Amino acid sequence: GNEIGYSLIRLPWMLLAASRLGGRKARPHGPPRSSSISTRSLTQQVEPIPTERHPKGFWKVKANQKQFFDGQISQKLNIQSLDDWYTKTVDQVRKAGGSMILSHHNDSLAKCLRAIYTEHEWQEWRFAKSPQKYWKLAPDAEKLKFMEYLEKQLGVKEKADWYKIQAAQIANIPGARSFLTSAFNGSLLTALESLYPSHEWHPWNFDNVSRKWWQAVANRRKFLDFLSKELGIVGNMEQWYNVAPQDVTSRGGYRLLDGYHHGNLADALIVSFPDHDWKPWRFKHCRVPKGYWSVEVNRRRFLDWLGLELGYKDVEDWAKLRRHDIIVHGGASLLEDYFEQSVHKVLEYKFPGHRWNAWELDSGAPRNFWLDKSNHSSFISALAKKLKIDHNDKWYSVSVGDVIEAGGGSFLAQYNNSVTTALKALIPNHPWDDSQFRSSVQRARIDLDALRSAVVETNLPPQAWYILQPLDLQAMRSLQLTDDDWFHLLRDSYPGYSWSPDLVHWRKLESPQQILSFLTRELFSQPELTLEAAYSLTEAQVAQVFGQLAAKKFITELPTLLIKHFGSDLHPWKLPLANDKIWESKSVRHRFMLFAAQQLRIDSSNLDKWYSVSKNQLKQLGAGNLFKLHYGDSLQNALKEVYPEKTWFPWPFNTRGSAGYWNQRENVDLFVEELKSKLQVQNMDDWYKLSVEDFLQLHGRRLIALHQNSPMSILQYVFPSHQWEAW
């Protein structure tokens, strides 16, 4: 020992190679150990340090491994309890001298500790690195334990709490990333669906759900099916047209819309449910999908549908088409992108072989139409034909009103609203006599000064005369004033006011556009009346524009004008100025009943809920005098009109407020006849299967109650001659 530099302690001697003593040559294990090993007292207990020169098989003994780990390794790594091992890595153990021991356990710290400390229940997932392929081979029971451990670490108390967990929170938990990556391809959703298959998971509620999940059309349909349940529209595809994008995004569908459909719900539904006959323009809260109108068949399809919706039966009916009709039916982008906002161009596209007189269209002539002088001549020729003017002298009897009524209001504006000026310009070769034009006006005026005084003395604002007419002025009731005379009289009576022929004669234009736009500009300084503004209109506001007298007349017409202007978008019963005239329209009556059904949560699958609805409830929703005016004060009659395909029984309606209804024999007979049909009764013996439940299902609760819940009592009442065997 002295010769070769060893101190007299046990360890160096154990490392001595046989060759150094001249004996049998030992198998080489590496370079000889350095003599720099510190010496200690002979009485000190020294722990063995693993080395490649240790006697063969020494480190295979578990007791030796445990002794070394309990000693030097634990001291160097500051191991206070066995759980501290979860925070250590293989590299740390190697640096502390544990390489040889690790090599006996495939360089796996988890396997090493499990073999050394067999009495401890190790949780492999808590190591910084789990054993290779551990999670791929681990049983579901082991994976469930880890999920329970994760839930405890993340504060997950119920399954829905998982939706709130962020990826960063999971990554901070030792072993979690390895667990998900090895066993579930890095997907938390896959892990949850695999380990908790009985729970209905909604992947769209996870913030970190992958884009790849949404790529599958089946997954999109799964979400939309869920959404239909949430919105109460299961089985009714038509209701999708009323769904707003925020209804989708607020329930987890923002990635679906924004990631794949440019935020467009219509596009999502068309792709997900291709078998349904979708009409993209009917979606109230989104535009048609990008590029939809570029396909000609789609443009044709919309116009064909629009004609049916508007009740057009022949080509001439299309002359009634207005720009507003196209917009409110979902064609705003079509009108803008392909027809330059021109109804005239729409009609030329729809009927390429038909010649349209632009001035005869309800929508009026297209923009810049009257800048073309050739159109002026065409209009005069058409007007002459319409008024049967076969000689130029007959033009003297034509008034401004005649021209406006024929659609020439904008035409006249080109000639300072003067028929005389227009005729002189367009028929210059005729020797026109100005006095002839004036004479027709003078003959009608009788006493121009007196009439002018009568108008001025009313002290009405000039705009009041857009509403009032000659018959509203006592002095004019006996006169036969032409439209031209009336316009000139107003202009003379209020010389400082800028009069518009279209506004004076707006009733003859068969469109409320002019007068409603004027009202909107005066009240709200906006060019067009919006639905929101319409719902807020009051009599005081109307009087502010037209004066009190004119306002009283105008508000009787206003609801009908708004219906004509907004079409089906308007709920006229919500108007502060609503009156009984609104119910004259059958479509308005139907819309109200469908609106009421929606408010009362009645759909096509539960129409019987109408039996429990009272007319007072409907009045609170805006029914007013609807039932008295049009349905004989009967809700049943209204429902027959709105839902003609359903059989409506009278007794559920009549027995609510009439205790004597069932005292009338014919009413009981009617009910029993319906029971007979429902139960398919072929002979008298079939009645024995009659039960109280049959009465309840047919809404005969009060009838059966009057007979002490005895079907036999009712049968004996209806069929008194039959010998019934009660048992």
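Helices here are DSSP runs of H or I with at least four residues, and strands are runs of E with at least two. Welcome to this predicted model, whose chain comes to 37 helices and zero strands. Here is a short tour, starting with the chain as a whole and ending at one of its pockets.

**The chain overall**
- Of the chain's 727 residues, 44% count as buried.
- Among contacts with a separation of 6 or more, 51% come from residues 24 or more positions apart.

**Cysteines**
- Zero disulfides turn up in a search of the whole structure.
- Cysteine 112 counts as buried because its relative accessibility is 0%, and the cut-off is under 20%.
- Cysteine 286 also counts as buried, because its relative accessibility of 17% falls under that 20% cut-off too.

**The second largest pocket**
- This pocket has a volume of about 1,600 Å³.
- Its lining is made up of 49 residues, and those nearest the centre are Leu361, Asp362, Ser363, Gly364 and Ala365.
- Several helices give two or more residues to the lining, including helix 15 (323–338), helix 16 (343–350), helix 17 (373–386) and helix 18 (400–405).
- By residue type, the lining divides into 18 nonpolar, 17 polar and 14 charged residues.

Terms used. Residues are numbered from 1 along each chain as its sequence is written. This is a predicted model: local features need pLDDT of at least 70, side-chain atom pairs count only at pLDDT 80 or more; totals for chains, interfaces and linings use all residues. Side-chain values use heavy atoms; hydrogens and water are left out. Buried means under 20% relative accessible area, exposed over 50%, partly exposed in between (1.4 Å probe, protein chains only). Contact means heavy atoms within 4.5 Å. A disulfide is a pair of cysteine sulfur atoms within 2.5 Å. On a 1 Å grid over the protein atoms alone, a cavity is a set of points where a 1.4 Å probe fits but cannot get out, and a pocket is an open set with protein on both sides within 12 Å along at least five of seven lines; lining residues have an atom within 4 Å of a point. Grid points are joined across faces, edges and corners, and a volume is the space filled by probe spheres set on the points. Ala, Val, Leu, Ile, Met, Phe, Trp, Tyr, Cys and Pro count as nonpolar, Asp, Glu, Lys and Arg as charged, and the others, Gly among them, as polar.
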